[in-house]
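Me: Hey, I've just opened this one and I'm new to it. Can you walk me through it?
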Amino acid sequence: MRRVVQAVRRTAGFAQHTRTLSTNKDWTESAVKGRVAAEVSEDVTDYSEFHQPVGRLLKQLPSKQDDIQQYRLSTEQLRFYDNNGYVGGVPALSSQQCDMLLEELATLADPSNPHPGHGLFHEYHANQTQDPNNVLLHALGHWRITPGFHDLIFLPSITVPASQLVVRHGSAPFSAVRFWHDQLFCKPAHHGGNVAWHQDYSYWTRTRPMQHLTVHVALEDQTADNGAIMYVPGSHHWTRDGAPLPITADDFADMDSIQAVLTEDERRHWKPVHCCLKKGEAVFHHPLVVHGSYGNRSPRSRRAAVVNYFADGTTANTDGPLMDGIPAVPRGQPCAGRFFPLVFDPRWCM
Ligand SMILES: O=C(O)CCC(=O)C(=O)O
């Protein structure tokens, strides 16, 4: 059977893009890669058109020192990040804001009633491991689909620490920060899946230089028994001649596949720790720190919203599109424009 599905979106000032999947083979590969093929009608709002908060979580971008002061990380927090490759327990959202996002998430994750904006996801894996006893919803692109997830990427409780961490050398204490992409990592109660150990930059070498940052926001309490995120402290120094470790588990299923590529010295220093987060707290991590998490056999779900950033000036390192469904940025050119908004610039508050 030949199957052709198109996702078409037209907006003023933005070239129409069409995604076409054909043949069963492509279809299967697409499912594995989480490729999304759904029509998006003209009347669905694509929030990527808005480079300001739309008012769901935040009214306006910070414009003076008073707007950002309270969000700065302390010297001890910065030192912890430099030594370990992550810093956790940072308040990012109120409980009410988490509930608002969880409501939006429910509309994005209901297979019986797909969201009208579903075709705007860059990737959507209802279960990335494909094992029904190990379920991990993983998706990219929801900032385009719902107003709360859109505003999340601009929240100063997230972007101000990000601007302190995204570049950790040189004299400027703050950098201008651009949105790279977002992710959902959701584990249901009882049969939630694991996320195999990995370094984020292993997946991101299509952009350079490495001046990236991940912010993992707990929408629910994370504890050892519901599969809290874990880190290997100090592993942000583990490279192969400056390059990240190779990807060892595309589907995140084989927790320990990374062991095969570690050196003896790295194995000796393999001392993972949990980073238990309260609902609304964030952990900020380095693009090379090794992290992952075990499955969820507890009676509580563990849903997290992740925002990935890079420093302004990061460039494309490929001629192809950086994500499914968006136009390519020419190799060597800065990642900017509609899909990579500036979320914080210290000059806004001078
Ligand atoms: O959800 C997890 O446990 C891991 C998510 C992850 O890889 C990340 O936040 O970068």
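Reply: Two strands pair if DSSP finds at least two bridges between them. This is a predicted model, where local features need pLDDT of at least 70, side-chain atom pairs count only at pLDDT 80 or more, and totals for chains, interfaces and linings use all residues. Residues are numbered from 1 along each chain as its sequence is written.

Me: OK. In E14, what's the bridge partner of Leu-184?
Reply: Leu-184 has Ala-305 as its bridge partner in E14. Strand E6 (residues 177–187) and E14 run antiparallel, with 10 bridges joining them.

Me: And how many bridges join E9 to E14?
Reply: Seven, and that pair runs antiparallel. Val-217 has its bridge partner in E14 too, and that partner is Ala-305.

Me: Is E14 mostly covered or uncovered?
Reply: Mostly covered, with nine of its 10 residues buried. Buried takes 20 or more other C-beta atoms within 10 Å of a residue's own, exposed 12 or fewer, and partly exposed is in between, with C-beta atoms placed from the backbone.

Me: Switching topic: what surrounds the ligand?
Reply: The shell is Phe-185, Val-195, Asp-200, Thr-214, His-216, Ile-229, His-291, Ser-293, Ala-304 and Val-306. A residue is near a molecule or strand if its C-beta atom, placed from the backbone, lies within 6 Å of it. By type, the shell has five nonpolar residues, four polar and one charged. Ala, Val, Leu, Ile, Met, Phe, Trp, Tyr, Cys and Pro count as nonpolar, Asp, Glu, Lys and Arg as charged, and the others, Gly among them, as polar.

Me: Which strands each supply at least two residues of that shell?
Reply: Strand E9 (212–218), strand E13 (291–293) and strand E14 (302–311).

Me: What about Val-195, what does it stand opposite?
Reply: Ser-293 in E13. Two bridges join E7 to E13, and the two run antiparallel. There's an open sheet of four strands here, in the order E7-E13-E10-E11, with antiparallel pairing.

Me: Which strands stand at the edges?
Reply: Strand E7 (195–198) and strand E11 (273–274); each has a single partner strand, so one side of each has no neighbour in the sheet.

Me: Last one: why is Pro-91 called exposed?
Reply: Because Pro-91 has 12 other C-beta atoms within 10 Å. Pro-91 sits in strand E3 (residues 86–91). Setting aside neighbours within four places in sequence, Pro-91 is in contact (C-beta atoms, placed from the backbone, within 7 Å) with Ser-157, Gly-280 and Glu-281.

Technical notes
Two residues are in contact if their C-beta atoms, placed from the backbone, lie within 7 Å.
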